[in-house]
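Here's a quick walk through the model, one chain at a time. Keep the viewer open as you read.

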Amino acid sequence: MDIEIAAETIGHIGSFPITNSLLVTLATTGILSALAVISSRKITPIPSSLQNFWEFIIEAIYNLSEEIAHSRAKIFFPFVMTFFLFIITANWLGLLPGFGTVGFKEVHEGKQVFVPLLRSINADLNTTLALAAISAVATHFFALKYLGIWQYLKKWFSLNPIFLFVGILELVGEFTKLISLSFRLFGNIFAGEIVLATIAGIFAFVVPLPFYFLEIIVGFIQAAVFMMLTLVFMALLSEKPGH
Amino acid sequence: MTLIMEILNEFGVKPVLLIAQVVNFLLLLFILKRFLYKPILKALEQRKQKIVQSLKNAEEIEKRLEAVSKEREEALRKASKEAETIIGEATTSADRIIAQAHEKAQKDISKMIERSQQSLKLEREKLYQDIKGELAGLVMVALEKVTGKVVTEKDQKELIKKSIKQLES
């Protein structure tokens, strides 16, 4: 089975292309929003099962961000938490049966190609690039907010030629961060999809099971890595110099 | 630049899709923040406050309990001390009363003994007199029988005189 490196377009609304990964993105958002609304409708002092589950995750990550960002944790936390929840839900959702296998055949440039209806959304560079861009923009926005324009600019530009050179290197590093964040996530998940499809192509029973376990772990790790990196970048960049 | 565009195109990156993803994520961020993080964090904070408050209360209760038990102990000790003194006083007063009663009884007994002795003495003297009188009568009767005549006043006197004389000689 062939997996396209780009997400396939399954339809159009006006001129707006609907890709299979965009469809799943909407589904992921819907699932998470529904869970949030359902569990927040009845918050009790003594938590029930769903509230317990959310409390466990939220408290753990909130403590983590407090440890790294101290007083700024309250501002960073929603971003960091949402990155984690969105990515891990998307990754695990992409492992469900039907992803990459349910679809339709389409004649494309004279060839008949299979177009899957559902696609693991982080196996689409659009998603990961968007996430990385949000992470980067938010990081710099918070840095500006906490440092002020003058100190923020001083991070990159200096009259001292050595520091100026280092600053410019770091400026380039900011773009590298964008690329590394997006391609790490994309590469891991996309590779996982290919591995699963290949193994399933060889023998579809039992044999893919260890790889599914592996992908579950990879899905968690990638979500955690994205979250941690964003948190650390935010904390580092908004840190006052000489601190 | 064109190389980057080419690469991005190869990966299927389209500005519209990128923007769609960004908008979607920000929407999700807003929803989760509003409906999940805020209430859960609030609940966690409230629970923390409650636990802190409860711990403080528990400490206070323990302190108060300790004070109460100390107070009780103090009261008990005081009461037992009082009881001891009361018992001591009662014992000494009882001893005194007993001693007094003893003394009085002894006095009474000795008085009674004395009185009875006196009365005994009187009785004995009276008895003696009576016996004496009767004996004289008896002697007279015996003499009458012996002498064969009634002893008159005169005889009596003579007899007495005789006997006295005999006694004197």
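## Ground rules

Helices (H or I, at least four residues) and strands (E, at least two) are DSSP runs, numbered from the N terminus. This is a predicted model, where local features need pLDDT of at least 70, side-chain atom pairs count only at pLDDT 80 or more, and totals for chains, interfaces and linings use all residues. Residues are numbered from 1 along each chain as its sequence is written, chains are lettered from A and ligands numbered from 1 in the order in which they are written, and side-chain values use heavy atoms, with hydrogens and water left out.

## Chain B: the annotated span and confidence

Residues 12–32 of chain B carry a "transmembrane region" feature in an unreviewed UniProt entry; such annotations may be inferred rather than shown by experiment. In the model that span is 86% helix and 0% strand, with its end C-alpha atoms 29 Å apart.

Mean pLDDT (the predictor's per-residue confidence, from 0 to 100) is 89 for chain B, with 98% of its residues at 70 or more. Helix α2 of chain B (residues 15–147) has the highest mean, 92, and helix α3 of chain B (residues 153–168) the lowest, 81. The model as a whole gets ipTM 0.87 and pTM 0.74.

## Chain A: layout

Chain A has six helices and four strands, running β-β-α-α-α-β-β-α-α-α along the sequence. Its C-alpha atoms fill a box of roughly 60 × 55 × 40 Å along the principal axes.

Of the 243 residues in chain A, 44% are buried (under 20% relative accessible area, 1.4 Å probe, protein chains only).

Methods. Buried < 20%, exposed > 50% of the residue type's maximum accessible area, 1.4 Å probe, protein only.
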